[in-house]
Amino acid sequence: MELLTIQEQIIMKQIWAKEGDISLKELIESVPYDYEKGDHYNRNTIATFVMRLKRKGYVTTYHQKRECYIHPLHSIEAIIEYQIRFFADLCFDGDVGKVKSIVNSISE
């Protein structure tokens, strides 16, 4: 699996929040403001992100009547675990305990 970009994480957050399949229309309406560009994401941009997520194996899509629906293939917990293990491999030779120690040291 490839890691998610920040923009893809924003899209996935909205997909997971739905707790089931989400239509492209619902996704477009739920995606927050793009602070980098100072504007809202447009329909084509979000559709492009969805296709990237599909190619990377994070979602699948299907059409029902005239609407496109997006279905997440992995839970948010599984993706977070994958990203933590990737980070641990990259920075600490796979020692997840060091990552856990850092997370535990962060004060709220």
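Asp93 is exposed, with a relative accessible area of 79%, where exposed means over 50% relative accessible area, buried under 20% and partly exposed in between, computed with a 1.4 Å probe on protein chains only. Asp93 sits in the loop between α4 (76-92) and α5, and its phi is near 50°, a positive value in a residue other than glycine. The helices named here (H or I, at least four residues) and the strands (E, at least two) are DSSP runs, numbered from the N terminus.

Lys65 belongs to the loop between β2 and β3, and, although it is not a glycine, Lys65 has a positive phi of about 60°. The relative accessible area of Lys65 is 84%, so this residue is exposed.

## Basis and confidence of the model

The structure is a predicted model, in which local features need pLDDT of at least 70 and side-chain atom pairs count only at pLDDT 80 or more, while totals for chains, interfaces and linings use all residues. Residues are numbered from 1 along each chain as its sequence is written, and side-chain values use heavy atoms, with hydrogens and water left out.

The mean pLDDT of the protein chain is 90, and 93% of its residues reach 70 or more; pLDDT is the predictor's confidence in each residue, on a scale from 0 to 100. Where pLDDT is low, the predicted coordinates should not be read in detail.

## Overall architecture

The protein chain contains five helices and three strands, which follow one another from the N terminus in the order α-β-α-α-β-β-α-α. Its C-alpha trace spans about 50 × 30 × 20 Å along the principal axes, and 26% of the 108 residues are buried. Of the contacts (heavy atoms within 4.5 Å) between residues at least 6 apart in sequence, 49% join residues at least 24 apart.

## Helix α3 and its buried face

Helix α3 (residues 43-56) has 14 residues and reaches 20 Å from its first C-alpha to its last, close to the 20 Å expected at 1.5 Å a residue, the expected span being 1.5 Å times one less than the number of residues. The buried residues of α3 are Ile46, Phe49, Val50, Leu53 and Lys56. Seen down the helix axis, these buried residues fall within an arc of 125°, so they line one face of α3; the arc is that of the directions from the helix axis to the C-beta atoms. An α-helix has 3.6 residues a turn, so residues three or four places apart point the same way.

The packing partners of this buried set are α1 (6-17), α2 (24-30), β2 (59-64) and β3, whereas the face turned away from the buried side carries the exposed residues Asn44 and Arg55. Just after α3, Gly57 takes a positive phi of about 90°.

## The Asn42 cap

Asn42 lies in the loop between α2 and α3 and counts as partly exposed, at 43% relative accessibility. Asn42 caps the N-terminal end of α3, with a side-chain oxygen 3.0 Å from the backbone nitrogen of Asn44, and a polar atom of the Asn42 side chain also lies 2.8 Å from the backbone nitrogen of Thr45. The C-alpha atoms of Asn42 and Val31, eleven residues apart along the chain, are separated by 9.7 Å.

## The three-stranded sheet

The three strands form an open sheet in the order β1-β3-β2, with antiparallel pairing; two strands pair if DSSP finds at least two bridges between them. β1 (22-23) and β2 stand at the edges with a single partner strand each, so one side of each is left without a neighbour in the sheet. Two bridges join β1 to β3, and the bridge partner of Ile22 in β3 is Ile70.

Ser23, in strand β1, counts as buried at 5% relative accessibility; leaving aside neighbours within four places in sequence, Ser23 is in contact with Glu67, Cys68, Tyr69 and Ile70. Thr61 lies in strand β2 and counts as buried at 16% relative accessibility. Not counting residues up to four places away in sequence, Thr61 touches Val50, Met51, Lys54, Cys68, Tyr69 and Ile70. The side chains of Thr61 and Lys54 are joined by a polar contact of 3.0 Å, a polar contact being a pair of N or O atoms within 3.5 Å in which, within protein, one must be able to donate a hydrogen and the other to accept it, and residues adjacent in sequence count only if both atoms are side-chain atoms.
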